[in-house]
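Student: I've got a model open and I'd like to learn how to read it. Can we go through it feature by feature?

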Amino acid sequence: MSPEKIKQWLLSLQNRICQMVTDEEGERQFIEDAWTHTQGGGGLTRVLTEGAVIEKAGVNFSQVHGRALVAAATARHPDLVDCPFEAMGVSVVIHPRNPYVPTTHANVRFIQVTRKDGSHHSWFGGGFDLTPYYGFQEDCQHWHDEAKAACDPYGHEVYPRFKKWCDDYFYLKHRNEPRGIGGIFFDDLYEWDIEKSFAFMCDVGNHFISAYQPILRRRKSLPYGERERAFQRYRRGRYVEFNLIYDRGTLFGLQSGGRTESILMSLPPAVEWKYDWHPEPGSKEAELTEVFLKRTD
């Protein structure tokens, strides 16, 4: 399995996700920004803003080289300290305008490190998760049905394992609450051979599209008002807190000297923090935390 083959598939995934977004948006198009990394490689950032359906979406491809793995990676691989690496992947964040459409995030990535003896150590990572503001049971079930469908060909134990990993990872410890309803998350995947791992990464990317597009299409035209928008801005604050405090991808990008504009494109365009605010008991806003932001099989 050559890194070039993986790169070409990632570029095709970026194209397909951008097409999915523009198909549902209908008005705005992505702007494209090619950039280079200081130590080698670079990327292709695509961002769509101020659309009728999509307030902000970013779909990034990057392929960067470095002289040594950063702390965000060597904390899990101390034997690879000071080893050169190549990392490539696609990362996606979509912030819809309509509060009834959930925000979503996905990424798939491949990292190859050259040990000091010249041998290679490679692994895959990624997943997708959903962050609703107003919950719909059928949307949540569809999302996890697609996540399970991506995993089942690789063993019936894969989905429960990666679902739990996602629930554990996308958790705001300082708030004692999950960021959203989860999905699947995996990292350091090298227990399978590289062909199987690559095939799994491909299935995760493909199922992200079939998981999110029907939800976006179903909810994008629902009527809403300022109350819903204000709640959306408030809940987006949790998204920002997670990305800046816990997110490994953000930390890896910043520590490795990545392009700041591309790394932080994941942040929503309009956010609001309120001091000690709580939704009205019994309201649809309260339902989010009381019903949907609970670990569910």
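Student: Let's start with strand pairing. Which residue in β4 does isoleucine 54 stand opposite?

Tutor: First the general idea: strands of a sheet pair through backbone hydrogen bonds, in either a parallel or an antiparallel way. Here, keeping in mind that this is a predicted model, isoleucine 54 faces proline 96 in β4. Zooming out, β3 and β4 (residues 85–96) are paired in the antiparallel sense over 12 bridges.

Student: And how many bridges link β2 and β3?

Tutor: Nine bridges, and the sense is antiparallel; β2 covers residues 41–49 and β3 covers residues 54–66. If you'd like pairs to click on, glycine 42 has glutamine 63 of β3 as its bridge partner, while leucine 44 has phenylalanine 61 of β3.

Student: What sits between β2 and β3?

Tutor: Four residues separate the two strands of that hairpin. Glutamate 50 is in this loop, and its phi is near 55 degrees, a positive value in a residue other than glycine.

Student: What about aspartate 187: buried or exposed?

Tutor: Buried, because its relative accessibility is 5%. Aspartate 187 also belongs to β9. From aspartate 187 to valine 108 you count 79 residues along the sequence, and the C-alpha to C-alpha distance is 9.6 Å.

Student: How many residues of β3 are buried?

Tutor: 11 of its 13 residues, which makes β3 mostly covered.

Student: How should I think about side chains on a sheet?

Tutor: As a general rule, side chains in a regular strand alternate between the two faces of the sheet.

Student: How do I describe a pair of packed helices?

Tutor: In general, you give the angle between their axes and the distance between those axes. For α3 and α5 (residues 194–219), the axes come within 8 Å and cross at roughly 165 degrees. That angle makes α3 roughly antiparallel to α5, since angles over 145 degrees fall in that class. The crossing is right-handed.

Student: Which residues make the contact between α3 and α5?

Tutor: On the α3 side, look for Glu138, Asp139, His142 and Trp143, among others. On the α5 side, the list includes Phe200, Asp203, Val204, His207, Arg218 and Arg219. Sorted by type, the residues of this contact are 11 nonpolar, three polar and six charged.

Key:
Residues numbered from 1 in each chain as written. Predicted model: local features only at pLDDT ≥ 70, side-chain atom pairs only at ≥ 80, totals over all residues. Heavy atoms only, no water. Pairing = 2+ DSSP bridges. Axes fitted to C-alpha atoms, helices over the stretch in contact; angles between N-to-C directions. Parallel < 35°, antiparallel > 145°, perpendicular 65-115°, else oblique. Left-handed = near helix turned anticlockwise from the far one by under 90°. Contact = heavy atoms within 4.5 Å. Nonpolar A, V, L, I, M, F, W, Y, C, P; charged D, E, K, R; others polar. Buried < 20%, exposed > 50% of the residue type's maximum accessible area, 1.4 Å probe, protein only.
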